[in-house]
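Me: I am new to reading protein structures. Can we go through one together, feature by feature?
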Amino acid sequence: MTPASRTLTLLILSLCTVVVGSAFADADDRHSQYRLDITLGGAAVGWTVHEGPDLTVIEPPEPDQQTRLTGFEPVYTGPHLDHQPHQVDRRLDALVPVFQETRAALPLAYTDARDREHRLRDIQVRVYPTDETREIDGHLAHGYSLAVLSDLSSRRNDQWHDSTSMRYGTVWVWPDRPFSPVPFQINRHVLVAFASELPSGSAGIAQERLIEAFESTGMIAATETALYSVGTQHRAAFNEGANDPMREDEDLARNLGAQIALAVADFSIDAEAFDGSEIKSLARLDAGDAIFLGTALTTNSRVGLCQRLDSDDLVGLTQLLAEGPPFQGSMTGPIEGAVRGQALSGFEDDDFFGQGFMVAVEAFDEEMDSVACIAMMRVEEGRPDEPTRLAVVADDSLDASEDSPAAGDMVAHVVVANVDPDGMVHLRFAGMAERGEIDLTFIDDDQVRGSIELYGRLLSRDGQDTQVFALEGEFSAEMLLDRVPTRR
């Protein structure tokens, strides 16, 4: 089995070596199609899988049946994408990984919704051949017992307590049809059919180990699994041996229910070819670049920055900038020279959402065909009570190499875009400030005034170009937001 210390980086290497390029194809131009159905809580949903010689498309169900489980967009995989699952991010016009986890190592520390400490110590996959056979979709499948064990530790009363959660059941495999990783690639919610515990950062590890366990058996035709709890005294029974210990002693684990079934249906080896030319033309981002770009975009869009400007918006904005813009300054980098634009602010003081304070700027160049959008958030603390100077630091939520910001610091997410004559906004760069300061010279319930000085780096939409930027200026921002993104 894979050592517990293996990271998600090795997932990329292992997936590149899996021979799935034309998993159901006997010729280079042959295309296959089938339906992949999952039944959870008595309700069934499914995906349609189109597999070609170099690209596989996993289509979600009709819109009225789509959920977080099914996903809302197609998933693309296959040799063209090194057998790694991707989706299209239309904001970026790029393919981004389905599992956006740049690095993960075991043991993995995490907290639950109540801020209780936990550790995922290991994920182990055990596959036991059985002598059972079954016809599925008109084709003979062989049975395997599957036990995916998640070894956990939880901190209670200042002590660590070990436990094991297990997803256990039967997997049916067509041994004469080549393996395909599709059942493990749709999204992390579908992986729950195979793994019992998937805290953030662990989905790629589970996916890697499941692929390694099944890649030599054939194509997965169906699964029937349930959630179990394994007693500490019985955990060692699953460590060694070629036989399934549960078949000899059912009392080794306690069935918690949560049954999930998955099955392939309507398999065809002579399906109509699909057109993958648009997908192949898109830029492809790795997980780190997708997070770096996407986080800045999401923060700005949540407060309405860098959105399309209709004709009325353009008229009103032109008049505002001519009479006395709320922000005036200068920029170097993707935009060079004087910039001016809008400024707004807001704060949050909520028992559930936490404390937050934001200053946001939307700054246009002289021709108003480029715009820089900057959303500056205070970490863990709300609006200052009086004028003060706040440090701007790198946000480690966009870059794991950075140190975590301290409470009271500000982080700044930056988007630079082109604006066409019709008011459409087209992303060019996104990123963050790495250092700077915000000098608040006036603050009350209605307005905040001051100056900003930011320095940082931006990544182009296709991930191919990095630029440094500097922005400085003065702002007078009305308190318009009563719900702001809070940075904890």
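**Cavities, cores and one serine**

Reply: Strand 1 (32-40) and strand 11 (219-230) each give at least two residues to the lining of the second largest cavity. Keep in mind that this is a predicted model.

Me: Which residues line the second largest cavity?

Reply: Its lining is Tyr34, Leu36, Ser180, Val182, Pro183, Met219, Ile220 and Val264. Seven of the lining residues are nonpolar, one is polar and none is charged.

Me: How do I read a nonpolar core, and which residues of the largest one touch the most other members?

Reply: In soluble globular proteins, nonpolar side chains tend to be buried together. The largest nonpolar core here has 51 residues, and Tyr34, Leu36, Ile38, Phe184, Leu210 and Phe214 touch the most other members. Helix 2 gives the most to this core, with seven residues. Beyond its neighbours within four places in sequence, Leu210 is in contact with Val125, Val148, Phe184, Leu191 and Phe194.

Me: Is Ser165 buried or exposed?

Reply: Ser165 counts as buried because its relative accessibility is 8%, and the cut-off for buried is under 20%. Ser165 lies in strand 10 (residues 159-174).

Me: What does the side chain of Ser165 make a polar contact with?

Reply: The partner is the side chain of Ser196, at 3.0 Å.

How values were computed:
Residues numbered from 1 in each chain as written. Predicted model: local features only at pLDDT ≥ 70, side-chain atom pairs only at ≥ 80, totals over all residues. Heavy atoms only, no water. Helix = DSSP H or I, 4+ residues; strand = E, 2+ residues; numbered from the N terminus. Buried < 20%, exposed > 50% of the residue type's maximum accessible area, 1.4 Å probe, protein only. Polar contact = N/O pair within 3.5 Å; in protein donor to acceptor, adjacent residues only side chain to side chain. 1 Å grid on protein atoms, 1.4 Å probe; cavity = no way out; pocket = protein on both sides within 12 Å on 5 of 7 lines; lining within 4 Å. Nonpolar A, V, L, I, M, F, W, Y, C, P; charged D, E, K, R; others polar. Core = buried A, V, L, I, M, F, W, Y, C linked by side-chain atoms within 4.5 Å. Contact = heavy atoms within 4.5 Å.
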